[in-house]
Amino acid sequence: RNLSTMADKSSKAEHKFWGLQPVIKEGEEALPLSVADSGPIHELKKPEDIRAEPLGLPQGFVWSTMDVNDDAQMKEIYDLLYGNYVEDDDAMFRFNYSIPFLRWALTPPGYVQDWHIGVRSASNKLLVGLITGIPVTTNVYDKSMKMAEINFLCVHKKLRAKRLAPVLIREVTRRVNRMDIWQATYTAGVKLPGNVGECRYYHRSINPQKLIEVGFSHLRNRVTMSMTKKLYALPDKTSTPGFRKMREEDAPQITALLTTYLKGFDLTVHFDEADVKHWICPHDGIVDAFVVEDPTTKQITDFCSFYHLPSTVLGHAVHKEVRAAYSYYNVATKTPLDELVHDALICAKQLGVDVMNCLDLLDNKSFIDKLKFGAGDGNLHYYLYNWKCPHMPSNKVGLVLL
């Protein structure tokens, strides 16, 4: 089951909006394009060419720059996303981003508060719209550039007809441009103009009985529950010698491993040590990472990681939440990748995770079948704003967005 699908589907109005934006247009994706042809779609301007004032909003709404370090404002963001963000097609599950997770996602090194943009009702100050951006150094084929990574575009369900989403997108673009940044990256569960690649979701049952009971997955024909539980059973302990939880002092070695590994992919972000400490270092209930340390040399040869993003189960009498983990970044130089991720699955089970999800990006295809990941219902589409480049296969995408 694909949990990446936006509840409000792509529409003619959305496509009309994107048709006016600097993205690869529908039909152009199939045209032959070489890496040498890559570059900006619109001629780059200067920050002073961009209007200094916020864009106009429909009557009855006002802008609100969000302070994610303020607990009350974080609760407002959480409530908006919880009630109005991503659901599956059948409205059975809804992402439940925790407040600590959202704060982690929005406060990497060098984050810009001005890029956390809310829309409020002018009458009662209720937060009814949101879009966020964080600064990233992105590598696209042979080019490296500063970009904004855009996430959490959300409009209250009752206000979808007000066309607030295009204004939010244009406003975050204005604020990013004012800082002399002219490209952005983002993902969506629907296909829009500007697609540069798509990846498929895969799911690995860890607690199959619960997943079947809530309707996330189903018993196959002539397969009993006991047979299913046996199929997905995991050992109680990891098997790789030197496998342990990552520590902050491991960051320099992890940075070196990750930097070398990501050179093999066409769409990646740059990680320095501060980024690794923020994004990869374990934070309880948010992200977990494990390393393989050579017992003789004390060198870290491999690492694996996953982040936690549960989904609320809507309308179930017993189960209120599916505890999902998402495969994040894994680098294997000595331990076979499938063995490394198998140990990660064991750790996830120990942490009470019900299902491990992954995309078929990076080298994930090499372990998907071996470790009994099953294909989900849909794709996650990758987009670049104001940048044209050849379309890339999923195993050349090296960027994992939350």
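**Note on the predicted chain: fold, surface and salt bridges**

1. The secondary structure amounts to ten helices and 17 strands, where helices (H or I, at least four residues) and strands (E, at least two) are DSSP runs numbered from the N terminus. The radius of gyration of the chain is 21 Å, close to the 21 Å that the globule rule gives for 402 residues, so the chain is as compact as a globular protein of that length. That radius is taken over C-alpha atoms, and the globule rule is 2.2 Å times the number of residues to the power 0.38.

2. This is a predicted model, in which local features need pLDDT of at least 70 and side-chain atom pairs count only at pLDDT 80 or more, while totals for chains, interfaces and linings use all residues. Residues are numbered from 1 along each chain as its sequence is written, and side-chain values use heavy atoms, with hydrogens and water left out.

3. The C-alpha trace spans about 60 × 50 × 45 Å along its principal axes. Of contacts (heavy atoms within 4.5 Å) between residues at least 6 apart in sequence, 77% join residues at least 24 apart.

4. Of the 402 residues, 56% count as buried; buried means under 20% relative accessible area, exposed over 50%, and partly exposed in between (1.4 Å probe, protein chains only). The chain exposes about 17,700 Å², and carbon and sulfur atoms supply 51% of this area. Accessible areas come from the Shrake-Rupley method with a 1.4 Å probe; for residues, only the protein chains shown count as cover.

5. The structure holds 13 salt bridges, each defined as a side-chain nitrogen of Lys or Arg within 4 Å of a carboxyl oxygen of Asp or Glu. One of them joins D71 and R103, with the closest N and O atoms 3.0 Å apart. D71 lies in helix α2 (residues 71-84) and R103 in helix α3 (residues 99-106), so the pair ties together parts that are 32 residues apart in sequence. D71 is exposed at 55% relative accessible area, whereas R103 is partly exposed at 22%.

6. D250 and R244 form a salt bridge at 2.9 Å, N to O. D250 is buried at 4% relative accessibility, and R244 is buried with a relative accessible area of 15%.

7. A salt bridge also links D294 and K334 (3.0 Å, N to O). D294 lies in the loop between β10 (287-293) and β11 (300-308) and K334 in the loop between β15 (331-332) and α9 (337-350), so the pair ties together parts that are 40 residues apart in sequence. D294 is buried at 15% relative accessibility, while K334 is exposed at 56%.

8. D114, E171, R174 and R175 are linked in a network of salt bridges.
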